[in-house]
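Thanks for coming. I will go through the strands and sheets, and after that the helix packing.

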Amino acid sequence: MNKLIIVLAAIFLVLASCKTEPKKESFDDILGDDSQGTSEVVTEEMPTEALQVLQNISSSPVEMAALLQSTGVEFSERYITEIQDVDRYNTDFKRALNLGILGADLGYLNMYKKTGPVMNNMQAIRKLSEELRVQQFFDFQTIKRLATNNENIDSLMYITLQSFNNMDTYLQQNGRSEVSALILCGTWIEGMYIATQVLNDSKDKNPEIKERIGDQKAIVENLATMLSYYKNNPQFQNLHKLFEELLASYEGVTTTITQGEPEQREIDGILVVIPNEISNTEVPDETLDNIISTVAKVRNNLIQL
Amino acid sequence: MRKALALLVMALVFSAGSGWAQSDELVNTCVLNIGNATYMKDFKVKLQQSSVKPAPSSKFSILFNKGTIYKLNTCNADGYEGKAIVDLYDGNTKVTSNLQPDGEVKDAIGFFCQKSGVYKIDVSFKDGKEGAAVVIVSFMQKK
């Protein structure tokens with residue numbers, strides 16, 4: 001009996017020890033084989049403040065695409081990144097940023113039910129996720145099966161979004177928050193790039209899209225703050241500078257709050273609360289032009305890393 | 001014998017600390033309840049029984065955008081007594097909750113965002129009972 005208990009205990013201990021232990025990766029790991037060799041070795045963990053900011057700004061890569069679709073904007077492949085040679089992303093820094101960019105493109109493709117290009121996009125995601133050692137969160141076989149069947153778009157969208165969410169949670173809980181932060185920066189800038197290019201190409205600037213872009217000022221502030229915690233690292237320093245430039249382009253954006261009447265309404269069988277505080281964001285035309293050009297500059301800079 | 005038992009208990013405690021294995025399955029089931037809305041994110045919560053008041057809770061942040069209707073669907077795991085209470089906060093102001101004034105706990109609530117920003121989701125279990133649940137956040141697309 002004693003022996004049996006000891007064997008059972010040993011099995012439990014072995015199983016428990018097999019679990020992924022939180023692993024702290026240094027900035028050196030993140031920078032990887034930076035060919036320029038300019039990277040400083042920085043070994044501190046992600047500061048708590050930065051992690052808090054990161055957790056505050058995680059958002060859905062499909063929401064911007066959903067807004068574009070609901071306002072009648074046509075799909076255009078010109079807005080998404082051209083997938084050529086992802087092998088050139090030879091450091092985790094570049095891989096993480098571009099994984100985020102591809103994730104936003106995937107959301108855009110899914111929202112517009114463009115399953116054809118999804119497979120190309122997924123192949124690139126597979127490559128980058130493998131190199132970032134997070135491929136376990138993507139069930140590529142199921143994604144491929146769903147992508148070849150147009151009737152399963154909702155499932156495809158769900159499985160890909162959940163994969164990204166699970167990967168993000170894992171990275172944050174396992175001492176790799178820097179990678180998560182870079183993916184977030186990539187996802188966010190690509191969503192912004194698509195939306196700003198839509199406005200750039202349209203004569204009549206849709207007020208809803210314009211306001212959504214203006215509302216992102218708070219997010220740019222958060223992203224710039226988050227990146228400021230890594231200013232000692234040359235690559236993060238450059239990225240921080242780009243986001244500071246982007247923040248500067250928002251000068252002139254104003255938000256006012258008005259008090260309305262709170263109400264409750266039943267929509268699709270559920271009780272929906274409509275709060276009384278309503279925000280109104282104004283983006284002057286000149287400021288919008290600045291935002292459009294700066295977003296394009298930052299995004300193109302990241303894909304050409 | 002006592003040593004071996006202690007070792008077994010230690011091993012069980014050690015292995016129980018990390019997880020709630022069925023949470024992904026519950027997310028997959030719960031997402032079926034969101035109807036025509038689009039899935040955004042899910043939050044998994046597991047809390048021990050507590051007599052502390054207010055009941056312990058797990059807190060999450062999420063970015064909501066003006067003009068969008070968000071849905072928060074809750075599913076409680078089988079085998080736990082606790083029913084998840086989901087409160088949504090804008091800063092320190094509670095904007096909605098699935099706990100109704102009459103004590104009823106709704107499975108789904110909606111929020112029509114009028115102000116873009118970071119909102120807080122606070123999940124606890126009614127009367128501090130032990131519970132495990134998932135909260136699915138989705139948004140309704142305009143037609």
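**Chain B and the sheets**

Going along the sequence, chain B reads α-α-β-β-β-β-β-β-β-β. That is two helices and eight strands. Please keep in mind that this is a predicted model. Of the 143 residues in chain B, 42% are buried. If we take the contacts in chain B between residues at least 6 apart in sequence, 78% of them join residues at least 24 apart.

Let me take the sheet within chain B. Four strands of chain B make an open sheet, ordered E2-E7-E4-E5, and the pairing is antiparallel. Which strands stand at the edges? They are strand E2 (57-64) and strand E5 (93-97) of chain B; each has a single partner strand, so one side of each is left without a neighbour in the sheet. From one strand to the next, the twist averages 30°.

Now the pairings, in sheet order. E2(B) is joined to strand E7, residues 117-125 of chain B, by eight bridges in the antiparallel sense. To find that pairing on the screen, look for B:Phe60, which stands opposite B:Ile121 in E7(B). On to strand E4 of chain B, residues 84-90: E4(B) runs antiparallel to E7(B), and six bridges join the two. Here B:Tyr89 has B:Lys120 in E7(B) as its bridge partner. E4(B) is also joined to E5(B), again antiparallel, by four bridges. In that pairing B:Leu88 stands opposite B:Thr96 in E5(B).

What do E4(B) and E5(B) form? A hairpin, with two residues between the strands. In the turn, B:Gly91 has a positive phi of about 65°.

**The sheet with strands from both chains**

The next sheet is open and has six strands, in the order E2(A)-E3(A)-E6(B)-E3(B)-E8(B)-E1(B). The pairing in this sheet is mixed. Its edges are strand E2 (263-267) of chain A and strand E1 (38-47) of chain B; each of these has a single partner strand, so one side of each is left without a neighbour in the sheet. On average, and with direction ignored, neighbouring strands of this sheet are turned by 25° against each other.

I will pick out one pairing here. Strand E3 (residues 69-76) and strand E8 (residues 131-140) of chain B run antiparallel and are joined by eight bridges. B:Lys71 has B:Ser138 in E8(B) as its bridge partner. A helix also packs on this sheet: helix H2 of chain B, residues 23-30, which touches E1, E3 and E8 of chain B. The direction of H2 makes about 40° with that of E8(B).

**Chain A and helix packing**

Chain A has 13 helices and four strands. Of its 305 residues, 41% are buried. Among contacts in chain A between residues at least 6 apart in sequence, 72% join residues at least 24 apart.

I have two helix pairs to show. Two packed helices are described by the angle between their axes and the distance between the axes.

The pair to begin with is helix H5 (residues 92-111) and helix H9 (residues 177-201) of chain A, whose axes come within 7 Å and cross at roughly 40°. Are they parallel or oblique? H5(A) and H9(A) are therefore oblique to each other. Their crossing is right-handed. On the H5(A) side the contact includes A:Phe93, A:Leu97, A:Ile101 and A:Tyr108, and on the H9(A) side it includes A:Leu182, A:Cys185, A:Gly186 and A:Ile194. By type, the residues of this contact are 13 nonpolar, six polar and three charged.

The other pair also involves H5(A). Helix H4 of chain A, residues 63-70, packs with H5(A) at an angle of about 35°, and their axes are 8 Å apart. The crossing of H4(A) with H5(A) is right-handed. Which residues meet there? From H4(A) they are A:Ala65, A:Ala66 and A:Gln69, and from H5(A) they are A:Gly107, A:Tyr108 and A:Met111. This contact divides into four nonpolar residues, two polar and no charged. Note that A:Tyr108 is listed in the contact of H5(A) with H9(A) and again in the contact with H4(A).

That is what I have for today.

Note on methods
Residues numbered from 1 in each chain as written. Chains lettered and ligands numbered in written order. Predicted model: local features only at pLDDT ≥ 70, side-chain atom pairs only at ≥ 80, totals over all residues. Buried ≥ 20, exposed ≤ 12 C-beta atoms within 10 Å, placed from the backbone. Contact = placed C-beta atoms within 7 Å. Pairing = 2+ DSSP bridges. Axes fitted to C-alpha atoms, helices over the stretch in contact; angles between N-to-C directions. Parallel < 35°, antiparallel > 145°, perpendicular 65-115°, else oblique. Left-handed = near helix turned anticlockwise from the far one by under 90°. Nonpolar A, V, L, I, M, F, W, Y, C, P; charged D, E, K, R; others polar.
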